[in-house]
Amino acid sequence: DLFINTRGASREDIYNTLTRLKYTTDLKQAVKDADLVSESIPEVVEIKKSFYNELGKVAPKKTIFTTNSSTTLPSQYAEETGRPEKFLALHFANGVWDANVGEVMGHPGTDPKIYDCVAKFAEEIGMVPIHIKKEQNGYVLNSLLVPLLNASANLLINEVSDVESIDKTWMISTKSPFGPFGIMDMIGMQTMYNLDILWGEKLKDQTILNRAAYIKKNYIDKGKMGINSGEGFYKYPNPAYSNPEFLKK
């Protein structure tokens, strides 16, 4: 009903879409005739490397590999793929049907023809290709977004302000439909935690590690994983920020 009411899709459109989806837990079966694979597993470098080692063994030679990683670099996994020239990043934003950018970022070994092919694919599926000329952690979107989310979390952890006040400030000032904590709920607590652990350990930054510990203790350990679990910083499906009165009080 959500998609019928907001996306203009008919029940027949939705049914036909669902019938085209196939699911399997057999990796070889899943990719046996794939032209392109999009990887969206946790933001943990060793997990991704292990996955690409396995994927490279079973995927056809024609298959292009793309990572939907939001902050790590394709060059961190390129050799594990076994086909570095056919590997690059294609990062989608949340939610993909509204924030329809597709960030296309290669690594030094990516074949330019493969890069152009993926950029064209992004356009064909309704994305606006964002061309990234060299590797950059966070690409464009998260290079802009992550500092906002980190600053917001630090304001909360340091007891400078509360979740709703911080979100109201951002939403009123920028006319954004979401505040930073609404965005974090969309991303999910596990991903937020994984990123803080990754960068906290890499940079040996205790502030980042403290933020990870806070998220784990106050949210993950209590099952408050974000929108997908029904509760994060807000309760779903009707979060406080969706109430028209939210910005008026």
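1. Glutamate 245 and lysine 248 form a salt bridge, with the closest N and O atoms 3.9 Å apart. A salt bridge here is a side-chain nitrogen of Lys or Arg within 4 Å of a carboxyl oxygen of Asp or Glu. Glutamate 245 is partly exposed, with a relative accessible area of 37%, and lysine 248 is exposed, at 62%. For these labels, buried means under 20% relative accessible area, exposed over 50%, and partly exposed in between (1.4 Å probe, protein chains only).

2. A word on the source: this is a predicted model, in which local features need pLDDT of at least 70, side-chain atom pairs count only at pLDDT 80 or more, and totals for chains, interfaces and linings use all residues. Residues are numbered from 1 along each chain as its sequence is written, and side-chain values use heavy atoms, with hydrogens and water left out.

3. The salt-bridge count comes to 10. In one of them, the side chains of lysine 62 and aspartate 35 meet at 3.1 Å, N to O. Lysine 62 lies in the loop between α4 (45–58) and β2 (64–67) and aspartate 35 in the loop between α3 and β1, so the pair ties together parts that are 27 residues apart in sequence. Lysine 62 is partly exposed, at 39% relative accessibility, while aspartate 35 is exposed, at 53%. A network of salt bridges links Asp33, Asp35 and Lys62.

4. Arginine 211 and aspartate 196 also form a salt bridge, their closest N and O atoms being 3.2 Å apart. Arginine 211 belongs to helix α11 (residues 206–218) and aspartate 196 to helix α10 (residues 189–203), so this pair joins parts 15 residues apart in sequence. Both arginine 211 and aspartate 196 are buried.

5. The protein chain has 11 helices and 5 strands. Helices (H or I, at least four residues) and strands (E, at least two) are DSSP runs, numbered from the N terminus. The radius of gyration is 20 Å, close to the 18 Å that the globule rule gives for 249 residues, so the chain is as compact as a globular protein of that length. That radius is taken over C-alpha atoms, and the globule rule is 2.2 Å times the number of residues to the power 0.38. Of the 249 residues, 37% count as buried.

6. The 5 strands form an open sheet in the order β1-β2-β3-β4-β5, with mixed pairing. The edge strands, β1 (36–39) and β5 (128–132), each pair on one side only. Two strands pair if DSSP finds at least two bridges between them.

7. What sense of pairing does β4 (residues 101–105) have with β5? The two pair in the parallel sense over 5 bridges. Glycine 102 stands opposite proline 129 in β5, and valine 104 opposite histidine 131 in β5. With β3 (residues 87–92), β4 pairs in the antiparallel sense over 4 bridges; here histidine 91 stands opposite glutamate 103 in β4. Of the 5 residues of β4, 4 are buried, so this strand is largely enclosed by the rest of the structure.

8. Leu18, Leu21 and Tyr23 form a nonpolar patch on the surface, with about 380 Å² of accessible area together. Patches are made of residues with over 30% relative accessible area and no salt bridge; like charges are joined within 9 Å, nonpolar side chains (Val, Leu, Ile, Met, Phe, Trp, Tyr) within 5 Å. Accessible areas come from the Shrake-Rupley method with a 1.4 Å probe; for residues, only the protein chains shown count as cover. Leucine 21 is in the loop between α2 (11–19) and α3 (27–30).
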